[in-house]
Amino acid sequence: MGTTPKRSPASDGLSRRRFVTGTSSILGAAALAGHATEAHARTTAATAADATAPIADGATVPALVIGSGYGGSVAALRLAEAGVDVHMIEMGKAWDTPGSDGKIFANTTSPDIRSYWLRTRTKQPISNFLGFPLDKNVPLHTGILDAEEFGGIVVYQGRGVGGGSLVNGGMAVTPRRENFGAVLPTVDAGEMYGTYYPRANAGLGVATIDPDWFETAECYQYARVGRKHAQRSGFGFVFVPDVYDWDYMEKEQAGTVPKSALAGEILYGNNHGKKSLQQTYLARARATGRVTISPLHRVTSVTPAAGGGFTVTIEQINTEGTTTATKSVTAERVFFAAGSVGTSKLLVKLKATGALPRLNGEIGKGWGDNGNVMCGRANHMWDATGKLQSSIPTAGIDNWAAGGAFAEVAPLPTGIETYASFYLSITKNPHRAEFTWNAAAQRAELNWQTAWKQPSITAAKTIFDKINSKEGTIYRTDLFGTYKIWGDHLTYHPLGGAVLGKATDNYGRLQGYPGLYVIDGALIPGNTSVNPFVTITALAERNIEKIIDVDL
């Protein structure tokens, strides 16, 4: 399995201030837990470049896919395999060109021009550590991570070809079948678990860590401590599948390949071991020769065309977010796959402004945060969690049936021993928000309230209060502000806004407009009980199969 790499002298003996400055972004990266070799990455980047080309003004396309995340990538692949030419519109960059450091993605410890979507200051999920604020100024750029702020919540989203797969922890979790009825009540569980979940897991390259290697891996000491504490308090502890290349992970620990997960890479992309959509669904879609992608383009309007199909208005932007061209194209069919937030915002705008007035009253409704809430615990000195921590989580605590919470045992890859355990919980939270159109401000707004996180905190406490009581430990209060225990200000898992069977029919066809479809997380009403991207992918596989069979 390899040997433990030698410790870098720089990882020992750091001053407190120098440590906080150098590791601030890794702490933010740890909060996004829940996210191929170098030659493989270079090959994939070259292939991506071959298939990316700005769409021409006046073009006519059989199928236009808005977004290149999980749902959009599934749709593009399956349509192309059925003989349909597809053009994908992606607001973010292609991420196929290395920066000055020779890497495509920024180092997690040093956020730079590549890191944030059109922000001049970082907004890291963990905002403080050891009494120091972690955020810093960065140049304005169409970077990879969007921290989109609404009135009551910050929503983290990936920006670029591959969408959220670029920035998540890759935790590829299929919900327990007994929980599925509450996730998608109008969908047959038998076909999902018999056909579409297996198809999605295969397409995404999902695998589980070697449990024998896990027992001795230095980089997962933090997870073994999490297991011990969970089991001592009577909770179920489960290994969680992931899309990371586990062979590569073992080589990282052996020191025989460039480090990626063991360099803390997660928040601003992963340069080596993670199988994002660029390496899986999108690579297969491009290989058909029928899929083209326009990065740095955004759709602003979709209206019925006089001669059939739809007229789609698209803005091309530069890397500072400035519009450089406006184009009008015609598409026979349009698939909304801009993510829960992107799809919902666009649809409520199109309905309110009269571009698509027949969209029904369910547009914008049913939005939820997947019950996300974070916390940290301060362990005893005899429960060291390790200086070397993989940024890819691999285990969780399951108290869904009894307490309404599933908690990822997440890393804090700081490079020093923190004696801290960190968790991202997914919880049962009944609150649902709605997107509406503010005509005066010309923007979509979300009415989520921070106070609505209380059910998530209560559910998470069913795990961590009991562990703290058993272990004689306390919550960390230095991660999310001054003396603040709970990270209740954000979500990494936005869901809903165009709910299946309400805003659409039971396969994602938008009510009122044949030829318009939703095929992303906007279809799922607010909660999946686990990390959602496998469910988004499986649902897209189900829906596009029916659409191809019946509509084409």
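**Asn-370 and its neighbours**

I looked up what Asn-370 touches, with contact meaning heavy atoms within 4.5 Å. Leaving out residues up to four places away in sequence, I get Ile-426, Thr-427, His-493, Leu-495, Gly-526, Asn-527, Thr-528, Ser-529, Val-530, Asn-531 and Pro-532. This is a predicted model, where local features need pLDDT of at least 70, side-chain atom pairs count only at pLDDT 80 or more, and totals for chains, interfaces and linings use all residues. Residues are numbered from 1 along each chain as its sequence is written, and side-chain values use heavy atoms, with hydrogens and water left out.

Is Asn-370 buried or exposed? It is buried, at a relative accessible area of 0%; buried means under 20%, exposed over 50%, partly exposed in between (1.4 Å probe, protein chains only). A polar atom of the Asn-370 side chain lies 2.8 Å from the backbone nitrogen of Thr-528. Asn-370 sits in the loop between helix H10 (339-352) and E12. My helices (H or I, at least four residues) and strands (E, at least two) are DSSP runs, numbered from the N terminus.

**The six-strand sheet**

Next I traced an open sheet with antiparallel pairing, in the order E7-E13-E14-E15-E12-E18. Two strands pair if DSSP finds at least two bridges between them. The edges are E7 (236-239) and E18 (474-475), each pairing on one side only. E14 (residues 405-410) and E15 (residues 420-427) are antiparallel over six bridges, and Ala-405 stands opposite Thr-427 in E15.

For helix directions I used lines fitted to C-alpha atoms, for helices over the stretch in contact, with angles from 0 to 180 degrees between N-to-C directions. H7 (residues 221-232) lies across E7, E12, E13, E14 and E15, at about 150 degrees to E7. H12 (residues 454-471) lies across E12, E13, E14, E15 and E18, at about 10 degrees to E12.

**The hairpin**

E16 and E17 form a hairpin with four residues between them, and Gln-442 in the turn has a positive phi of about 55 degrees. The two strands pair in the antiparallel sense over four bridges, with Glu-445 as the E17 bridge partner of Thr-436.

**Largest cavity**

Which residues line the largest cavity? I find Tyr-222, Gln-389, Val-409, Ala-410, Pro-411, Leu-412, Ala-420, Ser-421 and Phe-422. On a 1 Å grid over the protein atoms alone, a cavity is a set of points where a 1.4 Å probe fits but cannot get out, and lining residues have an atom within 4 Å of a point. E15 gives the largest share of that lining, three residues.

Methods. Polar contact = N/O pair within 3.5 Å; in protein donor to acceptor, adjacent residues only side chain to side chain. 1 Å grid on protein atoms, 1.4 Å probe; cavity = no way out; pocket = protein on both sides within 12 Å on 5 of 7 lines; lining within 4 Å.
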